[in-house]
Amino acid sequence: DLGWERKELLKKLIDVMPTMDVRPFVKVVNNIVSSLGTTVKGDFSDGVILGEMSNQLLQLRRDVDELLPPDRIKELSKDADAWAAVQRQRLIERRNMTRQRLEAARNTG
């Protein structure tokens, strides 16, 4: 089994992953594993296509959970979170300016 090699490669990938990609990566892994349906429980009857890869996908999810616990996700994503907060604030400011302009236009017209 090459599980330990896959885990090492995953660790290296996570270590160099861009800050904006951490949460989406975890979400994609979880979505793929969730799509296995009952295959996750050991019933491979409805998991024909992914059934061959079920064990590897389940291992990937376990490894991601181990290598990226919530506190590490938060730490790795802090730059992306800060950027997103600035973008949200700018959007709110632009929205408020637009409202003020609309209000001023109504009051002058």
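**A guided tour of the helices and salt bridges**

The mean pLDDT of this predicted protein, pLDDT being the predictor's confidence in each residue from 0 to 100, is 87, and 84% of the residues reach 70 or more. In this predicted model, local features need pLDDT of at least 70 and side-chain atom pairs count only at pLDDT 80 or more, while totals for chains, interfaces and linings use all residues. Residues are numbered from 1 along each chain as its sequence is written, and side-chain values use heavy atoms, with hydrogens and water left out.

Select helix α2 (residues 22-34) and helix α4 (residues 54-67), whose axes come within 10 Å and cross at roughly 145°; helices here are DSSP runs (H or I, at least four residues) numbered from the N terminus, and axes are lines fitted to C-alpha atoms over the stretch in contact, with angles from 0 to 180 degrees between N-to-C directions. In the contact (heavy atoms within 4.5 Å), residues of α2 including Phe25 and Val29 meet residues of α4 including Leu57 and Arg61.

Next, select Lys11 and Asp15, whose side chains meet in a salt bridge at 3.3 Å, N to O, a salt bridge being a side-chain nitrogen of Lys or Arg within 4 Å of a carboxyl oxygen of Asp or Glu. Both residues lie in helix α1 (residues 3-16), four residues apart, about one turn of the helix.

Definitions and conventions:
Helix = DSSP H or I, 4+ residues; strand = E, 2+ residues; numbered from the N terminus.
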